[in-house]
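Here are my notes on the two-chain model you passed along.

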Amino acid sequence: MEKRVTFKGWLLPLLLVAPQVAVTAVFFFYPAGQAVWQSLFIPDPFGLKSQFVGLGNFEFLLGDPYYRASFVTTAIFSSLVTVVSMGVALVLAVLADRLIKGSGTYRTLLIWPYAVAPAVAGVLWLFMFNTRVGVVAWYLGQLGYDWNHVLNGGEAMGLVVVASAWGRISYNFLFFLAGLQAIPRSVIEAAAIDGARFWTRFWTIVFPLLSPTTFFLLVVNIVYAFFETFGVIHTITSGGPQQATTILVYKVFADGFVGQDLGSSAAQSVILLVVVGVLTVVQFRFIERRVHY
Amino acid sequence: MATLTLTQVRKSFGATEVIHGVDIDVAEGEFIVIVGPSGCGKSTLLRMVAGLETVTAGEIAINGQRVNEREPMDRNIAMVFQNYALYPHMSVFDNMAYGLKIARMPKPEIAARVAEAARLLQLEPYLARRPRELSGGQRQRVAMGRAIVRQPAVFLFDEPLSNLDAKLRVQMRLEIKALQRKLGITSLYVTHDQVEAMTLADRMIVMNEGNAEQIGAPLEVYERPATLFAAQFIGSPSMNVLPGEGAEDGVVLENGMRIPLGRPVAGKVMLGIRPEHLVPDADGPLAIETGMSEPVGAQTLVHGRLTGSTAECVASLPGVHRESDLPAVQRYAVPPHAAHVFDAATGRRIGV
């Protein structure tokens with residue numbers, strides 16, 4: 001039986017949920033409402049008055065090749081971040097799961113990068129890949145590869161993906177390891193007796209049994225890649241070169257706060273909100289049903 | 001069909017040795033039950049045969065072939081686990097077919113083998129279901145089915161019935177026995193339940209603290225337990241054990257009671273008598289102060305204490321006896337053939 005508390009009146013339960021409702025209202029509903037409202041106007045350059053344009057901002061955005069390019073950039077960036085961070089984390093978790101001696105140390109070391117703030121992580125990677133003084137860039141130079149993410153869009157994308165995925169690996173690793181350890185040993189042993197060697201076991205037993213964890217991480221990582229990577233991109237490339245790393249959330253910032261086009265910026269954040277909302281609903285509707293056994 | 005031979009098998013975890021040299025010789029098609037309390041090393045021994053634990057010393061051979069270094073999959077064995085260890089994301093059919101698919105058996109043959117096993121285990125209506133949609137008994141059958149379809153040389157059972165309720169356990173016990181007879185596959189079965197051991201085994205191995213205390217047919221172990229441990233572990237309620245001293249014609253208990261056995265006994269001994277062998281007799285040599293009694297239906301268990309001593313004693317009397325009907329001190333006869341004498345120091349059986 002589920003434990004359920006029954007209240008007599010209205011006041012106490014209302015008071016109990018009030019703080020959460022207040023936080024959500026102040027930090028989500030109010031700004032989201034503001035964004036929707038603002039997206040219907042074009043303010044003049046000095047912010048003295050604004051003109052109602054209806055869906056004009058949206059119309060303009062959808063016709064804007066730069067905005068559409070940003071969509072593609074975001075898709076590439078978030079797919080790469082998700083695949084890299086989850087893939088590496090899964091490999092590490094599988095290795096850590098097999099480990100008996102020294103597993104504590106190994107795990108602790110793997111969790112550390114999660115404590116590094118995205119912006120700081122961005123700076124760390126920036127230093128390593130700095131075209132003049134970066135260690136990695138220097139070694140690449142020695143090998144005859146001329147690394148320059150300031151000029152090369154592909155390299156810039158690679159660098160922000162690595163920097164964003166790096167801190168995320170720890171988080172994913174923790175969940176994957178917990179997921180792996182929740183799989184009963186006897187099931188693995190039964191598969192071993194049935195003749196399955198390590199990789200067969202992994203693909204036919206372990207990975208399917210891990211699918212609820214994988215699905216959860218997929219949702220969480222995509223949302224992360226969409227929003228929280230702002231700090232990394234801002235410190236490393238500022239969206240450049242030539243908008244090669246301008247993902248949607250960065251464009252919201254660049255157009256609104258740098259370009260001072262508040263109407264367009266607001267419209268972009270509304271679109272972003274809808275995109276992530278739809279993405280999450282789709283994931284839960286169509287994928288979640290298949291991952292539970 | 002295969003033979004299974006364990007020669008001086010030992011197992012250590014770090015510096016602690018948990019299995020101290022076990023020898024077993026299993027004939028083709030024989031059903032061997034390893035029985036012992038938890039922590040006696042019985043499961044470890046089984047897992048060593050399965051290849052899930054390494055063998056520290058000694059040799060395990062299947063059909064005369066040393067398998068110590070072989071991976072589980074290369075030993076031609078099948079195992080039924082206590083928690084069934086079914087693959088939760090696969091249907092019953094896929095659970096049973098998994099091993100065959102890995103062995104790259106042609107599809108029609110897989111279907112035929114699974115169908116045959118399903119028929120044998122009455123699982124036909126459930127082939128499309130997932131394990132979570134099955135009852136405990138059905139899951140147990142699927143686990144058996146998964147073992148059967150591979151037609152292994154040796155079946156290993158690791159307490160397969162302990163997660164079932166009492167009634168189902170009795171039913172599955174009979175089914176396992178019937179199935180094993182029918183298929184004639186050499187089997188090694190681990191349990192802590194002595195009733196399971198008595199009913200299933202062709203021969204049983206009583207294990208205690210990493211030693212095989214006795215290996216023999218169930219009734220042989222019951223009638224002539226080789227050690228005090230085997231005597232007390234097999235049989236329910238367990239055998240009464242009364243400390244005493246050897247004498248010319250029997251045993252003198254610590255309270256001075258003389259139990260004639262018709263043969264001389266020497267040294268400090270333990271006298272063992274099964275509760276069901278105590279016969280109320282006004283002239284009997286054994287006097288017991290009556291305590292609690294437990295009517296079980298067919299018999300009544302009368303608990304008591306040896307007069308002038310602290311030794312507890314249980315008698316199992318046929319029929320129903322009310323506590324008020326029993327005398328405060330009941331005397332019992334001890335039939336000499338039912339008295340077991342063990343060396344007090346070593347626990348080994350003395351004499352016949």
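**Notes on the predicted complex**

1. Starting with chain B: it has eight helices and 20 strands. Helices here are DSSP runs of H or I with at least four residues, strands are runs of E with at least two, and both are numbered from the N terminus. The C-alpha trace of chain B spans about 75 × 45 × 35 Å along its principal axes.

2. Some housekeeping: this is a predicted model, local features need pLDDT of at least 70, side-chain atom pairs count only at pLDDT 80 or more, and totals for chains, interfaces and linings use all residues. Residues are numbered from 1 along each chain as its sequence is written, while chains are lettered from A and ligands numbered from 1 in the order in which they are written.

3. On confidence, pLDDT is the predictor's own per-residue score, from 0 to 100. Chain B has a mean of 90, with 100% of its residues at 70 or more. For the complex, the predictor gives an ipTM of 0.82 and a pTM of 0.79.

4. Chain B is divided into domain 1 (4-231) and domain 2 (240-343), with bounds that come from an automatic or database domain assignment. The C-alpha centres of the two domains lie 39 Å apart.

5. What lies between those domains?

6. Leaving out residues up to four places away in sequence, B:Leu188 touches several residues, including B:Val26, B:Ile34, B:Val49, B:Val154 and B:Leu156. Contact means C-beta atoms, placed from the backbone, within 7 Å.

7. Now chain A, which has 13 helices and two strands. Its C-alpha atoms fill a box of roughly 75 × 75 × 30 Å along the principal axes. Of its 293 residues, 31% count as buried; for chain B, buried residues make up 41% of 352. The burial cut-offs are 20 or more other C-beta atoms within 10 Å for buried, 12 or fewer for exposed, and partly exposed in between, with C-beta atoms placed from the backbone.

8. A local look at A:Val206, in helix H9 (residues 198-209) of chain A. A:Val206 counts as buried because it has 20 C-beta neighbours inside 10 Å. Not counting residues up to four places away in sequence, A:Val206 touches A:Ile183 and A:Arg201.

9. Finally, the interface: 18 residues of chain B are in contact with 15 residues of chain A. On the chain B side, strand S6 (77-80) and helix H2 (92-102) are the elements giving two or more residues. That side divides into 14 nonpolar, three polar and one charged residue. The classes are Ala, Val, Leu, Ile, Met, Phe, Trp, Tyr, Cys and Pro as nonpolar, Asp, Glu, Lys and Arg as charged, and the others, Gly among them, as polar.

Technical notes:
Two residues are in contact if their C-beta atoms, placed from the backbone, lie within 7 Å.
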